[in-house]
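Reader: Hi! I'd like to go through this model with you. Could you show it first?

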Amino acid sequence: MVTTIHYLLLGAALFTIGIIGVLTRRNIMIILMSIELMMNAVNINLIAFSDHLQQVTGQVFAIFVIVVAAAEAAVGLGIVIAMFKNKETMNINEIDLMKW
Amino acid sequence: MLELVLFYIFAAIAVVSAILVIQQRNVVHSAAFLGATLFAVAGVFLTLNAEFLAGVQVIVYVGGILVLFVFVIMLISVERAEHERQYNRQWTIALITSAILIAQIGYGLYRGKDSFVLPAAVIPPVVAAEGNSEMVGTALYTTYLLPFEIASILLLVAIVGAVVLSKRRTQAEE
């Protein structure tokens, strides 16, 4: 029998993997992908509780999370392209235009 | 029983692919494994009786966001990043922080696991007879109409922002 706890543990595992990716990698594309992983973990939690409480609200919020993820990916990748035109790098340690 | 087996298969694929996403040297391989994770998460949604969300997950994430990622990877050069150091210097601290985080989440779930008892008969039988897409659609267009419209405005702003950020400057602007 799959309980809600199973889904919450899966969400926690995916979220932690995403956090490890954001904190340790230096390639900006992989950091953006890790953020997508974390959003997926949140969606799993929302839908698990939607199923647990037999209410559709969690699924509606999951749709909003997907919308925000799409907007974030579009703007983030636009920033990556603009940055690559200026600095020819994907390494976040070399992105220090605002530092003096 | 079948539900349990399916859940473990999808969860294993999701977690293993997610680990591979963050440790691959080549970004294209990362994107491929991200696709595997997203498909597996769609399968998890199916085991949670959220058929509509599973479809949206495949269409929007795999068909939209992942393809966008692959396009950008094709636009920028991958070779140089492969030969650089992949992890930054603070990775030990990051791993310790993540270990603390998962310990906290696990402890919270362990302490609260007794409260995950379903209250009896919350669900009216009429609602249960409806389809999943129908229920989500009804909630989205009645109770959550204003957030829905705000989300569409957010998407519009994101489209304009992405175009402005990535378009080539014309002669007149420079």
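This is a predicted model: local features need pLDDT of at least 70, side-chain atom pairs count only at pLDDT 80 or more; totals for chains, interfaces and linings use all residues.

Reader: Thanks! Leaving aside neighbours within four places in sequence, what is A:Ile44 in contact with?
Author: A:Ile44 is in contact with A:Tyr7, A:Leu10, A:Gly11 and A:Leu14, and across in chain B with B:Val41 and B:Val44. Contact here is two C-beta atoms, placed from the backbone, within 7 Å.

Reader: How many residues does the largest nonpolar core have?
Author: The largest nonpolar core has 68 residues, and A:Ile44 is among those with the most contacts inside it, as are A:Leu14 and B:Phe45. Such a core is a set of buried Ala, Val, Leu, Ile, Met, Phe, Trp, Tyr and Cys residues joined through C-beta atoms within 7 Å. Buried means 20 or more other C-beta atoms within 10 Å of the residue's own, the C-beta atoms being placed from the backbone (12 or fewer is exposed, in between is partly exposed).

Reader: Which element gives the most to this core?
Author: H2(A), with 14 residues. Helices are DSSP runs of H or I, at least four residues, and strands are E runs of at least two, numbered from the N terminus.

Reader: Is H2(A) largely enclosed or open?
Author: Largely enclosed by the rest of the structure, because 21 of its 26 residues are buried. After H2(A) comes A:Gln54, with a positive phi near 55°.

Reader: Switching to the interface, how many residues does each chain put into the contact?
Author: Chain A puts in 64 residues and chain B 68. On chain B's side, 53 are nonpolar, 11 polar and four charged. Nonpolar covers Ala, Val, Leu, Ile, Met, Phe, Trp, Tyr, Cys and Pro; charged is Asp, Glu, Lys and Arg; the others, Gly among them, are polar.

Reader: And what is chain B built from?
Author: Eight helices and zero strands. Its C-alpha trace spans about 65 × 45 × 30 Å along the principal axes. Of its 174 residues, 22% are buried.

Note on methods. Residues are numbered from 1 along each chain as its sequence is written. Chains are lettered from A and ligands numbered from 1 in the order in which they are written.
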